[in-house]
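Take a look at the sequence and the model below. The paragraphs that follow go from the overall fold to single residues.

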Amino acid sequence: MKPDSPCSLAVTGVGALLPTGIGPQALWQAWCNQQSGFSSFSTRWLQSRLIPRYGHIAAEHEEQARQLVPHKLRRYASQSTLWGVHAAQQAMTSAGLEPTETPSERRGLFTAQADYSNPSLQGFQ
């Protein structure tokens, strides 16, 4: 079936942004090495032993995810949405798809968030 066909379907691929690294290969490698992605909660502003296990996304990976979202839309995006956009881009790359080669009306990404909590400074006050 041609990609321009109104009935075509694209299975995009796989992507992941996890405490163990970027992509499913990083997750698989961590599993093979019996490596956990969890550590004590720590940010540049706060460290706490009250939260003994927390999965951190590395700061450089957080920034990569932010850069994939247009600046004007970042204020509407939660961290998990940014991570989802990063994983979706990986999935498209994994499938050999180039977003600029697909008409904008033929592609999209829906993200939603429910009951997601992320420790913040306000939560400790």
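Contact here means heavy atoms within 4.5 Å. Keep that cut-off in mind for the packing described below. The model is a predicted one.

Start with the fold. The protein has three helices and six strands. Along the sequence, their order is β-β-α-β-β-β-β-α-α. The protein has 125 residues, and 22% of them count as buried. Its exposed surface comes to about 9,600 Å². Carbon and sulfur atoms supply 55% of that area. Now take the contacts with a separation of 6 or more. Residues 24 or more positions apart account for 53% of these.

Which residues make up the largest nonpolar core? There are eight: Leu17, Ile57, Ala65, Val69, Ala77, Leu82, Trp83 and Val85. Helix H3, residues 79–94, gives the most to this core, with three residues. Val69 is one of the core residues. Beyond its neighbours within four places in sequence, Val69 is in contact with Arg74, Leu82 and Val85. Leu82 and Val85 also belong to the core.

Helix H3 also holds His86. Is His86 buried or exposed? With a relative accessible area of 5%, His86 falls under the 20% limit and is therefore buried. Neighbours within four places in sequence aside, His86 is in contact with Leu17, Ile22, His61, Gln64, Ala65 and Leu68. Leu17 and Ala65 in that list are members of the largest nonpolar core.

Turn to helix H2. Its buried residues are His61, Glu62 and Ala65. Seen down the axis of H2, they fall within an arc of 105°, so they line one face of the helix. What do the buried residues of H2 pack against? Their partners are strand S1 (17–18), strand S2 (21–22) and H3. The contacts of His86 include His61 and Ala65, and both of these are buried residues of H2.

H2 also carries a salt bridge. The count for the structure is one. The side chains of Arg66 and Glu63 meet there, at 3.8 Å from N to O. Why are the two residues about one helical turn apart? Because they are three residues apart in helix H2, which spans residues 59–67. An α-helix has 3.6 residues a turn, so residues three or four places apart point the same way. For Arg66 the relative accessible area is 33%. For Glu63 it is 37%.

Helix H1 has its own buried side. Gly23, Ala26 and Ala30 are its buried residues. They cover an arc of only 50° around the axis, which puts them on the same side of H1. These buried residues pack against S2 and H3. On the other side of H1, Gln25, Trp28 and Trp31 are exposed.

The structure holds one aromatic pair. Trp28 and Trp31 form it, in an edge-to-face arrangement. Their ring centres are 6.2 Å apart, with 70° between the planes. Both residues lie in helix H1, three residues apart, about one turn of the helix. Trp28 is exposed, and Trp31 is too.

What follows H1? There the chain reaches Gln34, whose phi is positive, near 55°. Gln34 is not a glycine, yet it has this positive phi. The residue lies in the loop between helix H1 (23–32) and strand S3 (38–39). Gln34 counts as exposed, at 76% relative accessibility.

One more loop is worth a stop. Where is Arg53 found? Arg53 is in the loop between strand S5 (47–48) and strand S6 (54–55). At 58% relative accessibility, over the 50% limit, Arg53 counts as exposed. Not counting residues up to four places away in sequence, Arg53 touches Phe38, Ser39 and Ser40. Phe38 and Arg53 are 15 residues apart along the chain. Their C-alpha atoms are separated by 5.4 Å.

Notes
Residues numbered from 1 in each chain as written. Predicted model: local features only at pLDDT ≥ 70, side-chain atom pairs only at ≥ 80, totals over all residues. Heavy atoms only, no water. Core = buried A, V, L, I, M, F, W, Y, C linked by side-chain atoms within 4.5 Å. Buried < 20%, exposed > 50% of the residue type's maximum accessible area, 1.4 Å probe, protein only. Helix = DSSP H or I, 4+ residues; strand = E, 2+ residues; numbered from the N terminus. Phe/Tyr/Trp six-rings, centres within 6.5 Å; stacked < 30°, edge-to-face > 60°. Areas by Shrake-Rupley, 256 points an atom, 1.4 Å probe, with all protein chains shown as cover. Salt bridge = Lys/Arg side-chain N within 4 Å of Asp/Glu carboxyl O. Arc of directions from axis to C-beta.
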